[in-house]
Every structure is written in C-alpha cells, then in structure tokens.
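Subject: Model for you to look at

Hello,

Here is the structure I promised to pass on. Please open it alongside this note; my findings follow.

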Amino acid sequence: MKLSTTVQALSAAAAVSAAPHSRRQDTHSDLIQVQFPPAELSAPTITLEEAIQLMQPAVNDIADGIVDALDGGRNGDDEDINSTTTPTTASFEEGDETNPPARTACRDSIRPEWNSMSEPDKLDYISAVQCLTQAPPRGGIWPGAVTIWDELAFVHGTLSGQIHGVDTFLPWHRYFLHAYETLLADECGYAGPMPWWRETDAAGDLAGSGLFTPEYFGTLYPVEEGHPGYCISDGPFVGLVDRLHPDGEVCVARGERTSISAGVTVEMQEVCHGGENAGTLPQHSACVELTNHSRLHNAVGPTMARVGGSTYDAIFYLHHAYVDFQWKSWQNADQRRYSGVEGCVNHVAEGGACEPLTLDTVLTSLGLVPDLTVRDVLDTENETMCYTYDDLL
Ligand SMILES: [Cu+2]
C-alpha cells in the first residue's frame, strides 16, 4: 500500500471512530491504533538559541581543568535548562595535555551509516536484531523478562534517572551500545557492523527515510497532533510489546510528529560540536542530549518518546549510534577528550553538591554484560572497544 493512500485511509478512519477502550482495529486498514494516552514527551528539549547559549565558552576551561564549582560556574542564562548539570571537576591525568594517549586506530571495525550499507548487510543486521527481540532472557536481571530485549529495556528503564540529564549520559549510552553489540554477537551470531543513522538527512520526514519499510524497521506513519500512534504493523518487529509500560503490556508503537522531527538538524549538531576549542563534556553532552537526541525520541513516539521504554523500538540503537557518533566527532576535535572527563554523575540542584564523573565511574548493565568504567569507553579505539565511524575516517 502506498504511504499516501494509507495516510488518507487513516485520516478517514480517525474521523469516523474514536473508540475510548484500550485498543481497536482500524476499520480501513490493518493498523491498530494504540489507546494508551499519547506519550507525554518525556525527553526534555531546548531551542537552538538555548543550545547556542549552552555552548558558550567560560563555563569551564578545558585546558586547565580549573573549575569554578558551585557558585558562579554556571551560566546565568541556563537556569531554566533543568537537565544541564554544572561541571565541577576535571580528571585529566597528568601529562595528557602534551601527551595524548596513543590510539590504536581500529580501522577494521567501522560503523557505517545505514544508507551506505548494502542490501544484504542491512538484512543481515535486521535479522540479527529480530533474533535478539526473541532470544530467551539471560536471567537474573528482571523476573518479568520474557526475552533479552526485555532485559535491555529493563536495564535502560531502571537506570533512567542516573543516565539522562547527567554527564554520564554519553559514556553510559556508549557502554549500552557495546552491551547490545555483545548480545547481538553472542546470542544471535551477528558478525556485521553496528549501523548509525544520519537522521538529520530525514528531518521532517523520518517516515520517508527508507529505514521504516516492511523489510527493515517496519512502517512509520505521520500522525496528527494528539494522535497516539500505531502499533508496528509490518516487518520483522510486528507484535513486539513493551512490558515496562505503566498501563501494562502494550504494543511497541510509532507515529511521526513531523513538527518535532523537522527540528533534528545539522545546525543543531554543529552548535553542539562547538568547534575545536569550545565546549566541555558537560556542555557538549547536555547540548546533544537536549537537541537532536531528545527531538528524535519525541518525534518517533509513543514508544520512543517514553524514555523508560524507548529501547523497545529497534530504531533506538541506530539513533544512539548517531548520538555516539556526535560525541566521537567532538572528541576527535581535541585529543585530550579521549583521556579526561569532567562533570557530575548526579542531578545537581541549585546549590547542591556534585558527585564528580571520573575515569573510574562505573557503567553498569545490572549484570547483563560485565560492568565497565568511563576509562574503558572513553576512547573507542582501544582494547576494550575498537570501532570508529565511516564519517570520521
Ligand atoms: Cu537513554
């Protein structure tokens, strides 16, 4: 069915029916409209102007690692950006400024942008992900888990408050992608690369990006404002359920809000990149998280828009590979960013104390795969992790 035809059919169906009960079968198509409330957009965002403000130098001096901690260090104009944490410490190791660590350049493990992959490689990846959505749980993570997919979602959902809106955001999600890749290999024999998605190419029309087809991730339909979205209705992920939803078990669902997806832009990405000498990790992290990252989550909802269950949608992992790509690109602009971190692991309330993010900060998946530290994941071209991105060669 052509998308335009489908959308027309959906609009007509929506006009004649507004059943209030839990789910209903759409009379004009095979789509099931979800009836849990439209996701409250749980990923906070900032505007382009706020992003530019956030990236202003002088919150911290990355060269000295000198920090003006709890008073005065904060950019006065940022006060309404809840999730922005105040950098209060730096853990650059001595000599880092003059001797960046030698990097082994793992050029044999390149993460490709989705659209550059061959058809067989795309299908190979999708088939491995489908396998993971059905693989039996490893156990010991969550008694409610029926699959490893549930365990991944549980880990991300349970830790949600500790890994979003704090400076652990980028390292933890890098670690989480590593856990996911490990499971794809171990449980489903996947030996191919982990793709990323240059979603800025599809701003305002994610549905037409070529990813959301019955062969790959399943169709994504644009929806009107206030429409709750549709259960995934075709492709390898049809029937997938979110077992962490507060309303109980619900289908994994999508509906593109194009007004939001239009805001996933190269301009935002470039602001957050900050140039060679601008931007500390906390600035870069908050900027990335609160702009393109959050917008894409909110745009694909309702599953992706609910932070606690977002990993149930398989697109999550390509999206976070794009987030990780942005971090690595930022790190590449200053080699010291491969050896030092700064910021806070906690949400610092006004005047509150910062628990510093350090190289020894532990990144956990609650036992799904072994814990690592920030040190282990900071450089993706070392012994623990060995990859880079096609656009960063
Ligand atoms: Cu997350």
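Which residues does Cys287 touch, leaving out those up to four places away in sequence? They are Ala51, Leu54, Met55, Val271 and Cys272. Touching, or contact, means that C-beta atoms, placed from the backbone, lie within 7 Å.

Two notes on the source. This is a predicted model, in which local features need pLDDT of at least 70, side-chain atom pairs count only at pLDDT 80 or more, and totals for chains, interfaces and linings use all residues. Residues are numbered from 1 along each chain as its sequence is written.

Overall picture
The protein has 11 helices and 10 strands. These are DSSP runs, numbered from the N terminus: helices are H or I with at least four residues, strands are E with at least two. There are 393 residues, and 47% of them count as buried. Buried means 20 or more other C-beta atoms within 10 Å of the residue's own, exposed means 12 or fewer, and partly exposed is in between, with C-beta atoms placed from the backbone. Take the contacts with a separation of 6 or more: 68% of them join residues 24 or more positions apart.

The core around Cys287
Cys287 and Ala321 have the most contacts inside the largest nonpolar core, which has 96 residues. Such a core is a set of buried Ala, Val, Leu, Ile, Met, Phe, Trp, Tyr and Cys residues joined through C-beta atoms within 7 Å.

Ala51 sits in helix H2 (residues 48-54). Ala51 is buried, because it has 25 C-beta neighbours inside 10 Å. Along the chain, Ala51 and Cys287 are 236 residues apart, yet their C-alpha atoms are separated by 5.8 Å. Beyond four places in sequence, Ala51 also touches residues including Met268, Val271 and Thr291.

Helices H8 and H9
H8 (residues 266-273) packs on H9 (residues 281-300) at about 170 degrees, with axes 9 Å apart. Axes are lines fitted to C-alpha atoms over the stretch in contact, and angles run from 0 to 180 degrees between N-to-C directions. The pair is therefore roughly antiparallel, a label for angles over 145 degrees. H8 brings Met268, Gln269, Val271 and Cys272 to the contact, and H9 brings His284, Cys287, Val288, Thr291 and Asn292.

Helix H4 and the annotated span
H4 (residues 148-158) is mostly covered, with 10 of its 11 residues buried. Among them are Trp149, Asp150, Glu151 and His156. The cover includes helices H3 (119-134), H5 (160-163) and H6.

UniProt, in an unreviewed entry, places "domain: Tyrosinase copper-binding" at residues 164-181. UniProt positions follow the numbering used here, feature names are shortened, and annotations may be inferred rather than shown by experiment. The span is 72% helix and 0% strand, and its end C-alpha atoms lie 21 Å apart.

Loops to check
Most residues other than glycine have a negative phi, and most peptide bonds are trans.

- The Gly301 to Pro302 peptide bond is cis, with omega near 10 degrees. Pro302 is in the loop between H9 and helix H10 (315-332).
- Leu366 has a positive phi, near 55 degrees. Its loop runs between strands S8 (362-363) and S9 (372-373). Leu366 is partly exposed, because it has 15 C-beta neighbours inside 10 Å.

Best wishes

How values were computed. Contact = placed C-beta atoms within 7 Å. Parallel < 35°, antiparallel > 145°, perpendicular 65-115°, else oblique.
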